[in-house]
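Subject: Structure handover

Hello,

Here is the structure you asked for. My notes follow below it.

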Amino acid sequence: MDWGRIRDGEVLLLTSAEDLDCTPGFQQKVFHINQPAQFIEDQAILNLTFSDCKGNNKLHYEVSSPYFKVNDDGSLVALKNITAVGKTLFVHARTPHAEDMAELVIVGGKDIQGSLQDIFKFARTSPVPRQKRSIVVSPILIPENQRQPFPRDVGKVVDSDRPEGSKFRLTGKGVDQEPKGIFRINENTGSVSVTQTLDREMIATYQLFVETTDVNGKTLEGPVPLEVIVIDQNDNRPIFREGPYVGHVMEGSPTGTTVMRMTAFDADDPATDNALLRYNIRQQTPDKPSPNMFYIDPEKGDIVTVVSPALLDRETLENPKYELIIEAQDMAGLDVGLTGTATATIMIDDKNDHSPKFTKKEFQATVEEGAVGVIVNLTVEDKDDPATGAWRAAYTIINGNPGQSFEIHTNPQTNEGMLSVVKPLDYEISAFHTLLIKVENEDPLVPDVSYGPSSTATVHITVLDVNEGPVFYPDPMTVTRQENISVGSVLLTVNATDPDSLQHQTIRYSVYKDPAGWLNINPINGTVDTMAVLDRESPFVHNSVYTALFLAIDSGNPPATGTGTLLITLEDVNDNAPFIYPTVAEVCDDAKNLSVVILGASDKDLHPNTDPFKFEIHKQAVPDKVWKVSKINNTHALVSLLQNLNKANYHLPIMVTDSGKPPMTNITDLRVQVCSCKNSKVDCNAAGALHLSMTSLLLVSLFTLACL
């Protein structure tokens, strides 16, 4: 056997009996040359002869290395002076009628990335051993992205011992398994064809199987593996898939500081130069202070600084943000390579290398006495980044604030120091104040920078005199008196003083709030007396305390007013008689339990002018031996019958007396309804005439004084 044709990318074994007068393809498939010291630009290396047996119309050559080309006359030349190209070159020739591939073996050449020898997994110069099989197959090589027409033959299977009438059968993924229908075989001749364009990035190899069958479909020989290898074309651009790309570098960083890494992806075969990427910076914006502020490692994609630390000064840069257009190019960066770009944003980060400085050495402020709030804003300058703690200011009062009357806080928007009065100032005590303020940053300064004299400032504060209202002393004022004291009784004399001691003003007094209208005040001397009876039980008194407000008005222009509070504690007097509850009760005319009702008593006065209470039946109005009152405790008693009564309404005068000195007594009629109670029904209607003769009044109050 000998090597036969390569047609449409196929490699197949033919017997000498199949030779024809004109065989499309290269006349010589394999060439051997010694590795020269250097391939010289445009110098012919060898001559290739290709024929499609139809005139070679539209003949096109492709070389596996971008450093070589084939001229129209078939001469292979280098595009530039080059020393190493690998161990093997492949030349692909194609016309509309035929195509073939030739191999150039460079004796003494060294492997480099991208050699197609790694893809061609068989020796082109050695026949495939047949072992004990009569089916002869060789791997089929098919370039991806082939154009119409389809189907096209790509290889052939030979069976020298195939019985007459037997047929070839092809199976596997790409034939009868998904993706189906890509390959097929001529069952009589063994020619393998492809039906559509292949994409190596989708499927790089197909594992098929060939067998021979008889007329009934029974396998005679096989299956024998047939590998189809899709040859990579540089049809994928590099892409950056991990964006956005943002890097940070501290200002003043040393030359060569790594900022970030850019990595692109190429879907082509990583074993070829089709996916061998090189990086470069296409554009830098802005281009000041240097158009080459950064460098990118062409192989790794690391971006590093290349300018001196002095040029990386954020405060002197036109813009602390740089945008770099990064290009990734395959084919190891050669001009024939495809490119992809991405934008890298690099931020020059601030460090605290500038201390804050007051815009002036002294600040002035004025404030009225008694007022609080912000009195002056202290301004500073800082060249650092406003978005960082290297710019934000922190203020401290370091002198002149012994009474803690002042505080200073930072305005987060303006960075100014807002000096405030938090405790009212008194002009009469001090009309002037002087504060010493320092300013620092939130972040510490870098070691070679310190705070200087400009980081402190003096604030002079002038206190303005205002007409202040008189002040009562004490406030509140307290006094204790018995209720019911006689009208005109003097309670106290109030005292108010004017804080404006230097103005020598007079003070007049008036009543401001007197809810019950009990009080009067002398406008000149402030004497307070009563003009009505004081009643501890009044709704204006709370917890035995009556509250009134008075005004003290000075003679200033305009006059100023002060307010004072008087708290009068009223002592109780037994001036309220007790009263009973309830005043109505019901009882059945045939009740076995003659208890009528439990009475309670209450008194508005305070102890000891209240309980224990004494309960009695007013003897003068009710006959004996019908009713009975029994004490239960200090505040309650039980009213009961001594015998059953007929159905009627009865009025029983109850007399209750408190424990005051002197005591007070109250007589109240207790209305008792004697009802008919039969068959669980209570009937209190249609009560007859009063069974007992009583006074016409329902409620009689009697106030008696016991003998002293």
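M531 counts as partly exposed because its relative accessibility is 47%. (Buried means under 20% relative accessible area, exposed over 50%, and partly exposed in between, with a 1.4 Å probe and protein chains only.) M531 sits in the loop between β43 (527-530) and β44 (545-554). Helices (H or I, at least four residues) and strands (E, at least two) are DSSP runs, numbered from the N terminus.

Keep in mind that this is a predicted model: local features need pLDDT of at least 70, side-chain atom pairs count only at pLDDT 80 or more, and totals for chains, interfaces and linings use all residues. Residues are numbered from 1 along each chain as its sequence is written, and side-chain values use heavy atoms, with hydrogens and water left out.

Surface patch

Salt bridges

The whole structure has 17 salt bridges. The criterion is a side-chain nitrogen of Lys or Arg within 4 Å of a carboxyl oxygen of Asp or Glu.

- R169 pairs with E211, with the closest N and O atoms 2.8 Å apart. This pair links distant parts of the chain: R169 is in strand β16 (residues 167-172), E211 is in strand β19 (residues 205-213), and they are 42 residues apart. R169 is partly exposed at 33% relative accessibility, whereas E211 is buried at 9%.
- K288 and D287 form a salt bridge at 3.2 Å, N to O. K288 is partly exposed at 45%. D287 is partly exposed at 40%.
- E315 bridges to R314, with the closest N and O atoms 3.4 Å apart. Both E315 and R314 are buried.
- R200, E201 and D232 are linked in a salt-bridge network.

A buried glycine

Where does G417 lie? G417 is in strand β34 (residues 417-421). G417 counts as buried because its relative accessible area is 0%. Beyond neighbours within four places in sequence, G417 contacts V376, N377, L378, Y395, I408 and H409. Contact means heavy atoms within 4.5 Å. The C-alpha atoms of G417 and L378 are 4.7 Å apart, though 39 residues separate the two along the chain.

Best wishes
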